[in-house]
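The stops below proceed from the whole chain to selected stretches.

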Amino acid sequence: MSDVATIEEPVEDRAEEPAGGPADPGAVQEIADDPAGDGGSGLLGASVVKGRIKVADEVVEKVAALAALEIPGVADLGGDFERAFEAVRDRIGVGSKRATQGVRAQIENQQVAVDVTIVIVYGHVVMDVAAEVKVNVARSVSRMLGMRVVEVNVTVDDVRLPGEGRAAEDDEAA
């Protein structure tokens with residue numbers, strides 16, 4: 001799988017259809033008095049511009065991480081090792097928490113596979129939270145990046161107990 005997704009779309013010279021579509025399926029709507037073919041906006045239409053759009057795996061991973069953290073019941077991302085490593089980095093003051101911790105994405109031919117590792121808050125139904133994460137990650141990546149999500153794998157690595165977490169860790173450090 002590649003590190004970067006490339007979108008190359010063919011350039012087509014065609015008139016835009018109205019929102020409801022043409023009355024005759026074979027008919028094409030013509031725009032009168034529009035020599036630039038840009039709908040009168042003064043800007044070149046997007047279908048005329050050539051070029052590529054590249055999306056790095058890290059972008060997909062950040063979008064997926066934020067989507068997972070939006071779900072009630074998700075306490076944190078990442079496995080035991082990743083969370084321990086981030087805790088050590090935080091205590092010694094080297095860098096900041098990686099936004100993509102616990103998320104891996106692979107892009108191939110505009111199709112994305114995402115693996116997410118989460119920590120659940122005690123008291124939430126694990127399977128319900130994991131299912132919501134799966135749906136929200138797929139929806140967010142698809143909507144924000146315009147890519148087809150072919151799979152989202154969710155691993156529940158741990159349960160955050162009451163009294164555990166960032167606040168408890170900050171109290172111990174003080």
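Display the chain as a cartoon and follow it along the sequence: the pattern is β-β-α-β-α-β-β-α-β-α, with 4 helices and 6 strands. Helices (H or I, at least four residues) and strands (E, at least two) are DSSP runs numbered from the N terminus. The model is predicted; local features need pLDDT of at least 70, side-chain atom pairs count only at pLDDT 80 or more, and totals for chains, interfaces and linings use all residues. Residues are numbered from 1 along each chain as its sequence is written, and side-chain values use heavy atoms, with hydrogens and water left out.

Next, colour by pLDDT, the predictor's confidence in each residue, from 0 to 100. The chain averages 74, and 55% of the residues score at least 70. Select helix H3 (residues 126-145), whose mean pLDDT of 96 is the highest among the elements, and then helix H4 (residues 166-173), whose mean of 46 is the lowest. Over residues 167-174 the pLDDT is below 50, and this stretch has 3 contacts (heavy atoms within 4.5 Å) beyond near neighbours in sequence. Where pLDDT is low, the predicted coordinates should not be read in detail.

Now select helix H1 (residues 57-69). Which residues of H1 are buried? They are Asp-57, Val-60, Glu-61, Val-63, Ala-64, Ala-65, Ala-67 and Ala-68. Buried means under 20% relative accessible area (1.4 Å probe, protein chains only).

Definitions and conventions:
Buried means under 20% relative accessible area, exposed over 50%, partly exposed in between (1.4 Å probe, protein chains only).
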